[in-house]
Amino acid sequence: VNVEVAGTAGAMPDGPLKLAVPRGALLEGTLDALDAAGVDTGAVRGESRALIFPSEGIVLVTMRPSDVPTYVEAGAADVGITGKDVLLEQSDRMVYELLDLGYGRCRMVLAGRRGDERLGEAQRRLGMMRIATKYPRVAERHFESTGRQVETIEVKGSVELAPLVGLADGIVDLVATGRTLEENDLEVREEIVECTARFVANRVAHKLRATEIDELTAKLREATGG
Amino acid sequence: MRELRRLHLALVEVFESRGYGEVATPAIEYDEVLARGDGRTANSAYRFFDERGDLLTLRSDMTVPIARLVASRFAETEEPLRFCYLANAFRAVRPQRGQMREFAQAGVELIGLPAPTGTVEVVEVLTAALDATGLDRAVIGLGDADLYRQLLSELGVEGPDRDAILANLAMHNLVGLETELERAGIGREQVDTCVTLSQLRGGREVLDRAREIGGEAVERATARIGRTFEALEQQGVAARVQVDLGLLRDLGYYSGAILEVYDPALGHVLGGGGRYDRLLERFGVDLPAAGFALYLERVHVAQLEEEARREGAS
């Protein structure tokens, strides 16, 4: 009869936990949350161009927010932080969403040119709108669920440009303060979903490194007041 | 291919030495047949018509085809029936290493033995199969498919609310789970109970912690898992097993014990299975059953990763 505590015998995790940290707009909030959770982020805040920062009992791996689900799904990072917008757009990436961290709050919206009826006109007379976006799947799902036909045009850079020069009738994009829209003479027409930073985990890591991940989740929950 | 074939042979030897006879079924089934086994298969990815206009489907696993086989060809045979297979199945996934749209599964189905005896035998075979692959760090998660269904009916949650909650549980989206639980209008305490339960995983002490949370559904599920776990300990095959109350496999036919297999060297699940005591009656024979399947390509990748790790360590 085996008397060893089950689950501890087989699972021998390799090295410290790897945490995928999003660069860009979520970086500041993420580092603050990690600091408050007792993870030393000093090295990431420095001038270093390194991508990997070993810390006390945890390794911080920095990357684009949209790469976080890729790394976490494959187990190249055990846990990670990224925006809900990224998770919605990559909903086929199988990661566990453990915690709403609350910061990085912004809205996914449909926007059109101020005072311009092109969106409505296109819908009414052509039965189809052209929508430029970095989030084609979120956009398609939104219009499908509201029974409208659209042509989504995926762009990589400044989406605001598309309706200004006639590439699209409107855009679906993330809005934090709304200033970029305003400066480009665009206005919000519909709100699609509200997005915040989320703490995610790899499926296998969540099972086999349960204690470490639960502890980090609890600390982050406390740190972000969730 | 040579490595894959060696793996295949090693697994079949384990299965056959325990009395599991290899069977084969066609990759193409009538859609109606698969849909009868698992409502979800009605959304199966690859469907087409035959020359008479009948709807056909590429099978997404082997359990339902074997259930059909049992009903049509072995209904009169004395139980228990022991079958094993190595077969390709098809699912719509984003193709990546260890996850192709066509993939090989090696597994067993044990028909006619109820819980916990049948479950224990299946875990025993699974343990031996993992031993044969050399994945000595692999872990078997043991959960209960009925836990949340029963808990939600105890709380009076039904219909779309219930489906949305179960979907979030299967995806393990805790943020969405909490939102849906709140939307279902149950008390704060009940919301916390569900969320906390889904996070309980580890040794058998997990069952005590679950029992403290209370409730009739939790009591029944923990009793079921506890009985299975004790029987596994008596058989000496509990070492790899981790109790996991957050397990909820997304196939519709499971009931009672469910299993999932992991290796620390690979970020993807290696395989899974469980009891499907109510599946065979949909094909006209009312028999308890359990089984598991390993994703062969993933086991192969895990072997490679473990090998690289051992070489790196030495």
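Trainee: What percentage of the residues in chain A are buried?

Mentor: Keep in mind that this is a predicted model. In chain A, 46% of the 226 residues are buried.

Trainee: And how many helices and strands does chain A have?

Mentor: Chain A has ten helices and eleven strands. Its C-alpha atoms fill a box of roughly 75 × 45 × 30 Å along the principal axes.

Trainee: What about contacts in chain A between residues at least 6 apart in sequence: what share join residues at least 24 apart?

Mentor: That share is 68%.

Trainee: OK, switching to the interface. How much area do chain A and chain B bury between them?

Mentor: About 2,800 Å², with 51% of it on carbon and sulfur atoms. The contact involves 33 residues from chain A and 34 residues from chain B.

Trainee: How many salt bridges are there across the interface?

Mentor: Three salt bridges are found between chain A and chain B. One of them pairs A:Asp214 with B:Arg201, where the closest N and O atoms are 2.9 Å apart.

Trainee: Which elements of chain A supply at least two residues each to the side that touches chain B?

Mentor: Those are helix H3 (68-74), strand E5 (96-100), helix H9 (203-208) and helix H10 (210-223).

Trainee: And how do the residues on that side of chain A divide by type?

Mentor: There are 15 nonpolar, six polar and twelve charged residues on the side of chain A that touches chain B.

Trainee: Last one: how many residue pairs are in polar contact between the two chains?

Mentor: Ten residue pairs, counting those with both residues at pLDDT 80 or more.

Technical notes: Residues are numbered from 1 along each chain as its sequence is written. Chains are lettered from A and ligands numbered from 1 in the order in which they are written. This is a predicted model: local features need pLDDT of at least 70, side-chain atom pairs count only at pLDDT 80 or more; totals for chains, interfaces and linings use all residues. Side-chain values use heavy atoms; hydrogens and water are left out. Contact means heavy atoms within 4.5 Å. Buried area is the accessible area (1.4 Å probe) that two parts lose on being put together, summed over both. A salt bridge is a side-chain nitrogen of Lys or Arg within 4 Å of a carboxyl oxygen of Asp or Glu. A polar contact is a pair of N or O atoms within 3.5 Å; within protein, one must be able to donate a hydrogen and the other to accept it, and residues adjacent in sequence count only if both atoms are side-chain atoms. Helices (H or I, at least four residues) and strands (E, at least two) are DSSP runs, numbered from the N terminus. Ala, Val, Leu, Ile, Met, Phe, Trp, Tyr, Cys and Pro count as nonpolar, Asp, Glu, Lys and Arg as charged, and the others, Gly among them, as polar. Buried means under 20% relative accessible area, exposed over 50%, partly exposed in between (1.4 Å probe, protein chains only).
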